Amino acid sequence: MAAGLGAALAQTGSTTQIFDPKTHKWINYDRKKARQYYAAHGQVPDAFRRQIVTFRTAEKPGTIIIDGNQHFLYLVLPGLKAVRYGIGVGRDGFGWAGIVRVGRMAEWPTWTPPAEMVARDPNAAKFAGGMPGGPDNPLGARALYLYQGDQDTIYRIHGTPEPWTIGLDVSSGCIRMNNDDIVDLHSQVQVGAKVVVLMQGAALYKGV
């Protein structure tokens, strides 16, 4: 893949596309290409790397806005700016949208798969009692637990030991970030922060 690949991106249906400046064509960015790119460059394409962008919103600074279709998470800053991070989102059938809040946060969190995942996934079942935090833990270096009122939604914004999956539809509904990015986000967010999740065609957890 070209070294300059990923200066821009588009969404066609459920497929992420990356613009290749050498061929001047949009190409599908799937799991195979993502692994190849990460192996070649040691990082994700430019579009999914952390950066400050102009961002117009009525939401106050400290709010998290997730654009699931474009695979971006925005942390709203003062002055019509935001930190934009690349993310991985729910695969087909696991996307959702809604307004929630950060109920709690953890460093190197324990991963306890929900009962639904344990029932359908033998690999998850062996960790039904919890997998200790660490570099191989699916939640990565940090986790922001998303609540609706006082109720845990079971969704999280978290790190990942698979950074090449950023930009893809890969999870069971959680929002994943590379570990450097989730550490950065964790350092700037407060418990109680509003989280707005937007995803076209997704099931509504709570109407936006």
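Buried means under 20% relative accessible area, exposed over 50%, and partly exposed in between, with a 1.4 Å probe and protein chains only. The model is predicted: local features need pLDDT of at least 70, side-chain atom pairs count only at pLDDT 80 or more, and totals for chains, interfaces and linings use all residues. Residues are numbered from 1 along each chain as its sequence is written, and side-chain values use heavy atoms, with hydrogens and water left out.

**Exercise 1.** Classify Arg 142 by burial, then describe its salt bridge with Glu 107.

Solution.
- Step 1. Arg 142 has 13% relative accessibility, so Arg 142 counts as buried.
- Step 2. A salt bridge requires a side-chain nitrogen of Lys or Arg within 4 Å of a carboxyl oxygen of Asp or Glu. For Arg 142 and Glu 107, the closest N and O atoms are 3.9 Å apart.
- Step 3. Arg 142 belongs to strand β10 (residues 142–148) and Glu 107 to strand β9 (residues 96–107); the pair links distant parts of the chain, 35 residues apart. Strands are DSSP runs of E with at least two residues, helices runs of H or I with at least four, numbered from the N terminus.
- Step 4. Glu 107 is exposed, at a relative accessible area of 52%.

**Exercise 2.** Locate Gly 159 and list what Gly 159 touches.

Solution.
- Step 1. The loop between β11 (151–158) and β12 (169–171) holds Gly 159.
- Step 2. Its relative accessible area is 0%, so Gly 159 is buried.
- Step 3. Contact means heavy atoms within 4.5 Å. Leaving aside residues up to four places away in sequence, Gly 159 touches Pro 138, Leu 139, Gly 140, Ala 141, Arg 142, Met 177, Asn 179 and Ile 182.
- Step 4. The C-alpha atoms of Gly 159 and Arg 142 are separated by 5.8 Å, with the two residues 17 apart along the chain.

**Exercise 3.** Which parts of the chain does the salt bridge between Lys 194 and Glu 59 tie together?

Solution.
- Step 1. The side chains of Lys 194 and Glu 59 meet at 3.1 Å, N to O.
- Step 2. Lys 194 lies in strand β14 (residues 194–198) and Glu 59 in the loop between β4 (51–54) and β5 (64–67), so the bridge ties together parts 135 residues apart in sequence.
- Step 3. Lys 194 is partly exposed at 32% relative accessibility, and Glu 59 is partly exposed at 26%.
- Step 4. A search of the whole structure finds eight salt bridges; a network of them links Arg 50, Asp 181 and Asp 184.
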